[in-house]
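I am opening a notebook on a structure that is new to me.

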Amino acid sequence: MEIERKFLISALPEHLSDYPCRKIEQAYLCTDPVIRIRRQDDSYILTYKSEGMLSHEEYNLPLTADAYEHLKPKADGILISKRRYCIPFGKYTIELDIFEGEAAPLILAEVEFPTVEEAEAFLPPKWFAEDVTYCQKYYNSYISTGCNN
């Protein structure tokens, strides 16, 4: 089960370059249900996500680089490229995604939680802006359709 909230941000946090950063490229083979392929640095993953916004089932399976490259042209919509910074915040990790290419200049922050109750009680840092957890247009599967442009 994945339980996460999504936020727009009002400003980038200080010392962003001090945090670990991953280069992510992902594409969607299907958006209903969500079936995604992802390259994250040198690893490759096929993901299935069930319906749901705050919480949903998520299953990840490893892919080879060759399988990823074979599936990539079969994807619908745009290829999403982003840099993900992992920022500690109390007992949580903020995943700050800075989108590149066709989805730029979008910047989103996501925080995962062990329970729905913790997600609902979470108090974000001051540099977070609007909570967009329940807004479909900020989900990567929707962004991949190119409708945000």
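This is a predicted model: local features need pLDDT of at least 70, side-chain atom pairs count only at pLDDT 80 or more; totals for chains, interfaces and linings use all residues.

I name helices and strands as DSSP runs numbered from the N terminus, a helix being H or I with at least four residues and a strand being E with at least two. Residues are numbered from 1 along each chain as its sequence is written, and side-chain values use heavy atoms, with hydrogens and water left out.

**Backbone angles.** I looked up His15 in the loop between β1 and β2, and found its phi near 60°, a positive value in a residue other than glycine. Asp41, which sits in the loop between β3 and β4, also has a positive phi without being glycine, near 55°. For accessibility I call a residue buried under 20% relative accessible area, exposed over 50% and partly exposed in between, using a 1.4 Å probe and protein chains only. His15 is exposed because its relative accessibility is 54%, whereas Asp41 is partly exposed because its value is 38%.

**Cis peptide bonds.** I noted a cis bond between Asp32 and Pro33, with omega about 5°, and placed Pro33 in the loop between β2 and β3. Another cis bond joins Ala104 to Pro105, with omega about 10°, and Pro105 belongs to the loop between β8 and β9.

**Cysteines.** A disulfide is a covalent bond between the sulfur atoms of two cysteines. How many disulfides are there, if the two sulfur atoms must lie within 2.5 Å? I count zero disulfides. Cys86 is buried, since its relative accessible area is 12%, and Cys30 is partly exposed, since its relative accessibility is 24%.

**Asp97.** Is Asp97 buried or exposed? At 1% relative accessibility, Asp97 is buried, and its place is in strand β8, residues 92–100. For polar contacts I take pairs of N or O atoms within 3.5 Å, where within protein one atom must be able to donate a hydrogen and the other to accept it, and where residues adjacent in sequence count only if both atoms are side-chain atoms. The side chain of Asp97 makes such a contact with that of Lys82 at 3.1 Å and with that of Arg84 at 2.7 Å. Taking contact as heavy atoms within 4.5 Å, and leaving out residues up to four places away in sequence, I find that Asp97 touches residues including Arg83, Leu106, Ile107, Leu108 and Glu110.

**The largest pocket.** I take a pocket to be an open set of points on a 1 Å grid over the protein atoms alone, where a 1.4 Å probe fits, with protein on both sides within 12 Å along at least five of seven lines, and lining residues as those with an atom within 4 Å of a point. The largest pocket holds about 640 Å³ of space, and of its 30 lining residues Val34, Lys49, His56, Tyr139 and Ser141 lie nearest its centre. Which strand gives the largest share of the lining? That share, four residues, comes from β3, while elements supplying at least two residues each include β1 (2–9), β2 (21–31) and α3 (140–143).

Notes: A disulfide is a pair of cysteine sulfur atoms within 2.5 Å. Grid points are joined across faces, edges and corners, and a volume is the space filled by probe spheres set on the points.
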